[in-house]
Amino acid sequence: MTLVSDLIRRKQTDVITVQSTTDVASTVHLLMTNSIGGVPVVSAEGVAVGFVAERDIVKALESNREQTLRLPVQQIMRHPAPTCGAEDSLRDVMARMTRDRLRHLVVIEAGRVAGVLSVGDIVKYRLEQLETEAGVLRDYVAAQRAAT
């Protein structure tokens, strides 16, 4: 059984977060600079209090274009943050993301933010699994043919 922690450890990147008082403009800059779709919003103690994604920013811009970039992210973030545990099964997390139409989950390990799991991370992992399975099946078929 594959766990969320297996995927998070493979990413080997630092978790990018923002404080609730960070302005939207700075958050947009972080998203663009790091080519990511969202960031956990954390308290001073490092506890996830929300999540801000591109969609949240676009929604805020649509309703209040003039002020949005100056707002603190706490005013546009989703709260509480959509989270999962590092020891949750990937199968359960995939089902939840599909059911709840989530693109990102903040991964919590020992009460702290350990990473962000995205739909893209899961798709990449599943493609690698399928390629491995196809290779094994090709090898098996080739071995069977050679044996006859």
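Okay, hi everyone. Before anything else, please keep in mind that what we have here is a predicted model.

Let's start with helix α5, which covers residues 119–147. How many residues does α5 have? There are 29, and from the first C-alpha to the last the helix reaches 42 Å. That is close to the 42 Å expected at 1.5 Å a residue.

Which residues of α5 are buried? They are Asp121, Ile122, Tyr125 and Gly135. As for what covers them, the list includes α1 (4–11), α4 (90–100) and β6 (112–118).

Now look at the surface. Val119, Val123, Leu127 and Leu130 form a nonpolar patch there, and together they have about 320 Å² of accessible area. If you look at those numbers, here's a handy bit of background: an α-helix has 3.6 residues a turn, so residues three or four places apart point the same way. Take leucine 130 from that patch. Its place is in helix α5, and with a relative accessible area of 42%, leucine 130 is partly exposed.

I mentioned β6 as part of the cover, so let's go there next. β6 is itself mostly covered, with 5 of its 7 residues buried. Which way do β5 and β6 pair, parallel or antiparallel? Strand β5, residues 104–109, pairs with β6 in the antiparallel sense, over 6 bridges.

Let me give you some pairs to click on. Glutamine 19 has valine 42 in β2 as its bridge partner. Valine 42 also has a bridge partner in β3, namely alanine 48. And for valine 41, the partner in β3 is glycine 50.

How many residues of β2 are buried? That would be 5 of its 5, over residues 38–42. The hairpin of β2 and β3 has 5 residues between the strands, and there glycine 46 takes a positive phi near 90°.

Last topic: salt bridges. The idea is simple: side chains of opposite charge can pair when their charged atoms come close. In this model the count comes to 5 salt bridges. I'll walk you through some of them.

Glutamate 128 forms a salt bridge with arginine 10, and their closest N and O atoms are 2.0 Å apart. Glutamate 128 is in helix α5 and arginine 10 is in helix α1, so this pair ties together parts that are 118 residues apart in sequence. Glutamate 128 is partly exposed, at 27% relative accessibility, and arginine 10 is partly exposed too, at 44%.

Next, which residue does aspartate 56 pair with? Aspartate 56 forms a salt bridge with arginine 78, where the closest N and O atoms are 3.2 Å apart. Aspartate 56 lies in helix α3 and arginine 78 in the loop between α3 and β4 (83–85), so the pair ties together parts 22 residues apart in sequence. Is aspartate 56 buried or exposed? It counts as buried, because its relative accessibility is 12% and the cut-off for buried is under 20%. Arginine 78, at 29%, is partly exposed. Leaving aside neighbours within four places in sequence, aspartate 56 is in contact with Phe51, Ile76 and Arg78.

Aspartate 100 forms a salt bridge with arginine 96, with the closest N and O atoms 3.6 Å apart. Both lie in helix α4, 4 residues apart, which is about one turn of the helix. There's a network here as well: Arg96, Arg99 and Asp100 are linked by salt bridges.

Key. Residues are numbered from 1 along each chain as its sequence is written. This is a predicted model: local features need pLDDT of at least 70, side-chain atom pairs count only at pLDDT 80 or more; totals for chains, interfaces and linings use all residues. Side-chain values use heavy atoms; hydrogens and water are left out. Helices (H or I, at least four residues) and strands (E, at least two) are DSSP runs, numbered from the N terminus. The expected span of a helix is 1.5 Å times one less than its number of residues. Buried means under 20% relative accessible area, exposed over 50%, partly exposed in between (1.4 Å probe, protein chains only). Contact means heavy atoms within 4.5 Å. Patches are made of residues with over 30% relative accessible area and no salt bridge: like charges are joined within 9 Å, nonpolar side chains (Val, Leu, Ile, Met, Phe, Trp, Tyr) within 5 Å. Accessible areas come from the Shrake-Rupley method with a 1.4 Å probe; for residues, only the protein chains shown count as cover. A salt bridge is a side-chain nitrogen of Lys or Arg within 4 Å of a carboxyl oxygen of Asp or Glu. Two strands pair if DSSP finds at least two bridges between them.
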